[in-house]
Amino acid sequence: MFVQWVNGIFWDIAVVVFVIGIIWRLIAVFRHGTRKDLAEPRGSAVSGAVYTGFSRFLPRPEIRSKISLHVIAGYMFHLGLFVLLLFAAPHIKFAEEHVLGFGWAAMPHWAFVVSAQIAFAGLILLWLQRILNPVTRLISRADDYVGTYLLFLVMLTGCMAMFESYTGLRIAHLLTVELFMVYFPFSSLMHAILFIPSRGYTGSLFGLRGVKA
Amino acid sequence: MSAALERGVEKLKGEIDARVVSYFSSCVHCGICAEACLFYTETGDERYTPIYKTEPLRKVWQQNHTFWGKLASNLGLSKPLTDSDLADWEELAYDGCSVCSRCTMVCPIGIDIAYMIRKVKEGLAAAGYVPDGLQLAGERALKLGSPMGLTEKSLRAAIAEQEKETGMSIPVDVVGADYLCMLSSNEVVTYAEFIGSITRIFAKAGISWTLSSDYFEATNTGVQIGDSKIAAELSGRIVKVAEKLKVKYVISPECGHAYTTIRWDAPNFLKRKLPFKVVHIMELLEQLHKEGKLKTKGKFNEAVTYHDPCNISRRAGVINQPRSLMNMVATNFEEMHDHGDMNWCCGGGGGVSSNDRAIPLRYKAFDVKKRQLDELSANTIVTACSNCRMILEDGLEHNGMQQEVIGITEFIAHYLE
Amino acid sequence: MTDKRKRVRRGKKFMLWSGYALLLILVLPLIPYTIQAASNYYHRPAPVVNPIQIPDPGSGLWRDVRQRDKSYVGTTQVQGVDTGVLINADGEKWRLYRMDTLIPYGAILMGVVLALILLFYFVRGRVRVPDGFSGKKILRFTLSERMVHWFTAFLFIFLGITGLVLLYGRFVLIPLLGPAGFSVTASACKEAHNLFGPIFLFAMLALLITFIKDNFYARGDMKWLVKGGGMLGGHASAGRFNAGEKIWFWLAIILGFALCITGLILDFAVVGQGRQVMELSHVIHSISAVVMIAVSFGHIYLGTAGMEGSFSSMSNGYVDENWAKSHHDLWYEEVRHHTDAVPLKTSVAAGGIAQARREI
């Protein structure tokens, strides 16, 4: 009964909340609009937005040494997570059967294990830093911790269900994924999408002023 | 809720736009901005983390624009802003931030933190939480036309002194001149050599220019306070005299926020395009040099460095011009390890210099500049902002350092052919 | 409420929540069990039929099949390690080691250590700072040292719990969860243990690099040991780390690396290791694990409930001056004059300004 719910109705609800929630959050940003900048431009806003859109993937050399842990752990976690999400065989099978209708080449098992380890190490380091560094301790909100723990559970149940030998483990993974998807639009996990307009707004302002930001 | 607090909260609500919503919605609280902030790196106090300084605005956004915030507010679980919050953040936003926007440059999400701190100041100012020194400077600027309380009399005195010095006559209120040069109060009382220097350079280059006796002040205390009404009023005065004198260009003098304000913010404050172009004095000098109208002879052979004013480099894009000007006359030009758009602030920007109670903190924050300068052999520091110059001189003296600080226009004028 | 107190309270709240989250992770294996148990409710296992005892006429043949005296080498078309072995004769030895030695003695060791800690607590009580807290704080562990410690600790606890589930689950969890429930739990723990294990190697390397320089033998360590670390009465001098901490460090390093190496041998059976190597690895792995877990109980006790003022050194990095004088007097003398070692936050901007304004 519960298994069927998780496989069926819960998944449907999660998808609906996830999609509508994201659209709602995007509307929440863009409905305010921005005023046109009336100052005579020195450069292009669009190229500034594009430049900043990419430049912020790398740390400025001036503070690189101070934030090496952020950068290394951050990349370990994000890259590991995306590789798992996109190239794990069960995920591709799931996408083919339930979401997209087509699949693509999966990564070998050893690559799955390595990327999971990298992602876990990165996530644990980022979480420890959040708790131990006075700066992040001060500015972190409950939301940041909930997002971290939810994702940890998603990844952990996923790895426990690696060989798909038990329905229970697969269902536990699916259930945590559904929770994660429902939570996503209501949290700062939205940064996964909203980093684009944020960089764009800042980049266009600096682009107009002729500063490479 | 007190009336003052209510005014502040209403103001903050009105400050929320698409950028603010996007910024707060995407902040992951990684704390990287702290590593870029001189008030944090020099004190080690995590309260000076840049994004933490926007907390009042974040709270208003969270309680009025998010699912969880609205839910908590309706259930009576949220803790609204209090008077004591505003009092705490008055210290963080005015004493512990020079709005240098170095944090903006390093945020991996691309959040313009300085933009939001500026908005926090709007709310604090509306509620009356402004440091006394800055408040008084604002009142003087509105009433007398200069944050230092200078009047036309002081300007006339400075002009007379510089005419004697240079032996040239200085144009004042010339209708139809090409360029109108604004001044900062500092350049009238402390660094009047600036007036003499441009007089000599412009005479050589054959530039048609003028000063204005009606309103000479380039600085804008409204921006430093974060009160856009005062800011619009003060920048409107510049536009008014420029229109009255029918000039084609307005020159922003050696002052950081004066340039950013009149060049980039004034059209948006006044909601119209300006009928003249705005150039920073360095932009003009570099252009004159390129056109062959500014020629120098002799070289400065000792080691010399250049301090970027944040509002001119990072916030307004005048980065290459000072380098080309420096290399024009200096044979041994040294860069500080972080410079250009990632320079370290002198610690006195954003109105900190008008705020006497922030002096101990400002001296602490100056440690980073001290370290930067200690690495160099340069005994001369050239800069392009009279406020930076004043703060640098003060910081050097406080630390018993011997370096000399000089404005770039004056520095160039020494080697005029 | 002042800003500072608010911060401290929020910090505590966050720590508490982190603890809850950890608990949640630990009870996670129960979720799939509940689901599995619900669907398997009617599938009870069939009763075991007792075999009839009859003498074996082919005992000679079986002796050969077992290759006990290595007289026969099996041949097979399957190419691989140990594929010529029909029955692993040493397997029974290993099984007996695990069932009759490791499991009971491991449990006894861990139980005895816990009992000793309890006894120590009732006899000695919580070790207090002699003159109370002075209020002056000294930095004991930097942010990166704390990061390394907790990274190792997190993995150690995670691997410890999943490992113990695999070792003792059949006694502790089968009665609770039933065979089907334990089956799914054990499978989940095995996957998680195998996945997290290799990360532990990097944690051990970081631990070694970070803490080795203060953990070499120094003069006075012997005296400290003789005095029982001052626990028996009297004062025992110590530097940044006392002899007890140093022993724990080297024990953790040696056992930790032994665990990592043997763990990798067991986890990745792809480089030609045969059954005997695997069995030997498991013996080393399990003994190291049980000893390390048992000793860690003492470490955890002294770092938290057992000693007043210790935990803050690993949470926010600071210890009280009186704590330092009492437990690490030689280190205290070293750092007290060193201004960098006491980077107290001097709130340069008067935090009092806002305060004063409020009061006006």
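Trainee: In what order do the strands of the open sheet of chain B run, and is the pairing parallel or antiparallel?

Mentor: Strands (E, at least two residues) and helices (H or I, at least four residues) are DSSP runs, numbered from the N terminus. Two strands pair if DSSP finds at least two bridges between them. In this predicted model, where local features need pLDDT of at least 70, side-chain atom pairs count only at pLDDT 80 or more, and totals for chains, interfaces and linings use all residues, the four strands of chain B follow the order β6-β5-β7-β8 with parallel pairing. Pairing on one side only marks β6 (330-334) and β8 (404-407) of chain B as the edge strands. From one strand to the next the twist averages 40°; angles run from 0 to 180 degrees between N-to-C directions, with axes as lines fitted to C-alpha atoms, for helices over the stretch in contact. Residues are numbered from 1 along each chain as its sequence is written, while chains are lettered from A and ligands numbered from 1 in the order in which they are written.

Trainee: Over how many bridges do β5 and β7 of chain B pair?

Mentor: Strand β5 (residues 300-307) and strand β7 (residues 380-383) of chain B share four bridges. One of the partners in β7(B) is B:V382, which is bridged to B:Y306.

Trainee: Which helix packs on the sheet?

Mentor: Two residues are in contact if their C-beta atoms, placed from the backbone, lie within 7 Å. Helix α21 (residues 386-398) of chain B touches β5, β7 and β8 of chain B, and its direction makes about 175° with that of β8(B).

Trainee: Which residues of helix α3 of chain A are buried?

Mentor: A residue is buried if 20 or more other C-beta atoms lie within 10 Å of its own, exposed if 12 or fewer, and partly exposed in between, with C-beta atoms placed from the backbone. In α3 (residues 45-55) of chain A, the buried residues are A:G48, A:A49, A:Y51 and A:T52. They lie on the same side of α3(A) because they cover an arc of only 165° around the axis, the arc being that of the directions from the helix axis to the C-beta atoms. A:V46 and A:F54, on the other side of α3(A), are exposed. The buried residues of α3(A) pack against α10 (191-208) of chain A.

Trainee: How many residues of chain A are in contact with chain B?

Mentor: Contact joins 47 residues of chain A to 46 residues of chain B. Ten residues, the largest share of the side of chain A, come from α10(A).
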